Amino acid sequence: MKFKSLGLDPKVLEAISYMGFDTATPIQAEAIPYILANKDVIGCAQTGTGKTAAFVLPILHKLVLNKSAFTDTLIIVPTWELANQIDQQIQGLSYFLPVSSLAIYGGGSGSDWEVQKKALTKGTDIIVATPGKLLSHLNMGYVNFNNISHFILDEADRMLDMGFVEDIKKIITHLPEKRQTLMFSATMSHDIRKLAQTILKNPVEISLSLSKPAEGVNHNVCVLNETQKASFVKKTLQERKHYKSMLIFTSTKSKTSQIAKTLKENGFDCAYISSNLDKNEREDVLRRFSAGNIRILIATDVVSRGIDVKNIDMVINYDIPQDAESYVHRVGRTARINTTGEAITLVTPNERHKLKHIENLIATPINKIEFFEDRDIKSRKRYPKKNKKTYPGQNRKKEV
């Protein structure tokens, strides 16, 4: 479906065209008409299908038609990376519109706090915030959300996983009862439905390709020992010198720096991101990776839902995720919006049960590949030929 058939304002369509899009993804085509009709919506679709634009575009349309002097829209997200990503997308889509937005999250300086306070008190059109930081401002008493028209929870399943339910409930007490509420999630668990029942009114439910990676992902898995992982990654990267952008996910933040150090020693252009870096350092790494100035980024699961970089060629799961849902989010960083990409997961022999859970969730077996280190091949024992039975005089030289 073309965007121009969805009834969006010409200025919004101009911004969409400027960014190189003209056809809506399924979640966008289904959600936008309901949001324009002021219906509460609970939308479930896989990572990388364009959920952000599905709620941002109709909100921008409404702001063009009815500009408010107060904050109109509040978007709550689980991580600062996602808050920053959505704010950047809003700025891109509102390039031709008189719409203001700001991302509010922790880790900044005193000057950042003042910028956030000004945005909350002066009436910025769209606020994108993490729960904890927003509550810090709300507890100070100067934030007035009485005129909020749109309340959006993005990555709701991740917020529940991170224990933000009570924070969300506290934030809702500061909002007017008469509002449009939208909830978007990659999964639809019982807890998500329970939360939706408490904050949405007669919602329209949209569920597309629940918990399935994008079709363009080429999945592979390699079973190997922990000590072989570094060699495997080195060989894999050497074989894919034409890839311009790659993500490597690991289980702990300490591993991110270790892997980055090893790759740099082998001549690879890479960087890592973890909570060990301060906010400015993390933002700088993401900015350089997004701009293509860093070819390989090593990260933990926090980034799997908090980064929006186009044309990521490959995702390597250095450590298999703890749960199958996280696998979907990780590999969802590649093959976004009808493109293709490659995903390779490294599994140790005692982790085969986790691989089985992933295959059950995505309803397809994952291709198995083998890996042999050069030293393994060289060290293989050559079995000696059996000595043939000799007879007396057998080796005697023939007389001339």
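**Exercise 1.** Work out whether tyrosine 105 is buried or exposed.

*Solution.* Start with the cut-offs: buried means under 20% relative accessible area, exposed over 50%, and partly exposed in between (1.4 Å probe, protein chains only). Tyrosine 105 has a relative accessible area of 9%, so call it buried. Tryptophan 80, at 10%, is buried as well.

Before going on: this is a predicted model, where local features need pLDDT of at least 70, side-chain atom pairs count only at pLDDT 80 or more, and totals for chains, interfaces and linings use all residues. Residues are numbered from 1 along each chain as its sequence is written, and side-chain values use heavy atoms, leaving out hydrogens and water.

**Exercise 2.** Classify the ring pair of tryptophan 80 and tyrosine 105.

*Solution.* First, the rule: rings of Phe, Tyr and Trp (its six-membered ring) pair if their centres lie within 6.5 Å; planes under 30 degrees apart are stacked, over 60 edge-to-face, the rest tilted. The whole structure holds 6 aromatic pairs. Here the centres are 5.7 Å apart and the planes sit at 40°, so this pair is tilted.
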